[in-house]
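Trainee: I would like to go through this structure with you, starting with its charged side chains. Could we take it step by step?

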Amino acid sequence: MSLPLPSAARLDSVFHLETPEGIDLLLRPAGPLPRALALLFDLLLRGLLLALLAVVLFFFGGLGKGLITILAFVISWGYPILFEVLCQGQTPGKKLMGLCVVHDDGTPIGWPSSITRNLLRAADMLPVGYGLGLVACLLQKQFKRLGDLAAGTLVVYKPALAKNRPELPKATPLRLPFVLSADEQRAVLDFAERHKQLSSARRAELAAIVAPVLSVDEAQAEQQLHRLARGLLESA
């Protein structure tokens, strides 16, 4: 279920998603310019890496030339896939620009999707200079190139953690076997974030209310709520 966004958010192409766990996500798709700058940085980095390898392999004669050809292919196609899957959807260029690749539902990108979107760069580059990919980006509000359309992925601005967000108590993250509503999740997080502002008696009183739901003793309810808050924060 989607929530109505302010008009400014709609103009800014921000759209709302609700995960199966009931967590609200606001995603802001990245336009062609920041994506192009990220790509340019990645191309420069890959070129520098290949140049350094070429200098080393130059001394190996014909074998070195063959290895350079192989490495050029591996780096050109494997570089974006490895970084996207192993580094939370971010190549060095995307990280520099504050971008990341995710699935359409906001979940982290996996191997099949990353391979698909990057192999289809060959189509996006037609007829020259990512011309077809640019046209595809400009025709929809989510700025997807052909590779993204085929893979079901989206390049978005990576959400930044609020600098003044209260620190949660240290606890092992807990995920419940049932879904909490958005209001219930916010209540759990509020309890953990405000734990320093509440007296021990008040914390115990509030925690005791949900002890039966969590199937724990009242004495353990507060720690269980802290664990649940950690779990919600890490899954956001």
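Mentor: Let us begin with a definition: a salt bridge is a side-chain nitrogen of Lys or Arg within 4 Å of a carboxyl oxygen of Asp or Glu. Please keep in mind that this is a predicted model.

Trainee: How many salt bridges does that rule give?

Mentor: The count comes to 10 salt bridges. In general, side chains of opposite charge can pair when their charged atoms come close.

Trainee: Which residue forms a salt bridge with glutamate 84?

Mentor: Its partner is arginine 117, and the closest N and O atoms of the two are 2.7 Å apart. This pair links distant parts of the chain, since glutamate 84 belongs to helix H3 (residues 61-86) and arginine 117 to helix H5 (residues 111-119), 33 residues apart.

Trainee: Is glutamate 84 buried or exposed?

Mentor: Glutamate 84 counts as buried because its relative accessibility is 0%, and buried means under 20%. Arginine 117 also falls under that cut-off, so it counts as buried at 1% relative accessibility.

Trainee: What else is in contact with glutamate 84?

Mentor: Leaving aside neighbours within four places in sequence, the contacts of glutamate 84 include Gly89, Gln90, Thr91, Lys94, Val101 and Ile109. Ser114, Arg117, Asn118 and Arg121 are in contact with glutamate 84 as well.

Trainee: Which residues are linked with Glu84 in a network of salt bridges?

Mentor: The network joins Arg35, Glu84, Lys94, Arg117 and Asp148.

Trainee: Now another pair, please. What does arginine 202 form a salt bridge with?

Mentor: Arginine 202 pairs with glutamate 205, with the closest N and O atoms 3.2 Å apart. Both lie in helix H10 (residues 200-214), and because they are three residues apart there, about one helical turn separates them.

Trainee: How accessible are arginine 202 and glutamate 205?

Mentor: Arginine 202 has a relative accessible area of 36%, so it is partly exposed. Glutamate 205 is partly exposed too, with 47%.

Trainee: And which residue forms a salt bridge with arginine 203?

Mentor: That is glutamate 222, and the closest N and O atoms are 2.7 Å apart. The pair connects distant parts of the chain: glutamate 222 sits in helix H11 (residues 218-235) and arginine 203 in helix H10, 19 residues apart. Arginine 203 counts as buried, since its relative accessibility is 17%.

Trainee: Let us turn to helix packing. At roughly what angle do the axes of H2 and H3 cross?

Mentor: The axes of helix H2 (residues 32-57) and H3 cross at roughly 160 degrees and come within 10 Å. An angle over 145 degrees counts as roughly antiparallel, so H2 is roughly antiparallel to H3.

Trainee: Is the crossing left-handed or right-handed?

Mentor: H2 passes H3 in a right-handed crossing. On the H2 side, the contact residues include Asp42, Leu45, Arg46 and Leu49. On the H3 side, Gly61, Gly64, Leu67 and Ile68 are among them.

Trainee: What kinds of residue make up the contact of H2 with H3?

Mentor: The contact has 13 nonpolar residues, three polar and two charged.

Trainee: One last topic. Where does glycine 152 lie?

Mentor: Glycine 152 is in the loop between helix H8 (146-151) and strand S4 (153-157). Its C-alpha atom is separated by 8.8 Å from that of aspartate 105, 47 residues apart along the chain.

Trainee: Which residues does glycine 152 touch?

Mentor: Not counting residues up to four places away in sequence, glycine 152 touches Val102, His103, Asp104 and Lys144.

Methods
Residues numbered from 1 in each chain as written. Predicted model: local features only at pLDDT ≥ 70, side-chain atom pairs only at ≥ 80, totals over all residues. Heavy atoms only, no water. Helix = DSSP H or I, 4+ residues; strand = E, 2+ residues; numbered from the N terminus. Buried < 20%, exposed > 50% of the residue type's maximum accessible area, 1.4 Å probe, protein only. Contact = heavy atoms within 4.5 Å. Axes fitted to C-alpha atoms, helices over the stretch in contact; angles between N-to-C directions. Parallel < 35°, antiparallel > 145°, perpendicular 65-115°, else oblique. Left-handed = near helix turned anticlockwise from the far one by under 90°. Nonpolar A, V, L, I, M, F, W, Y, C, P; charged D, E, K, R; others polar.
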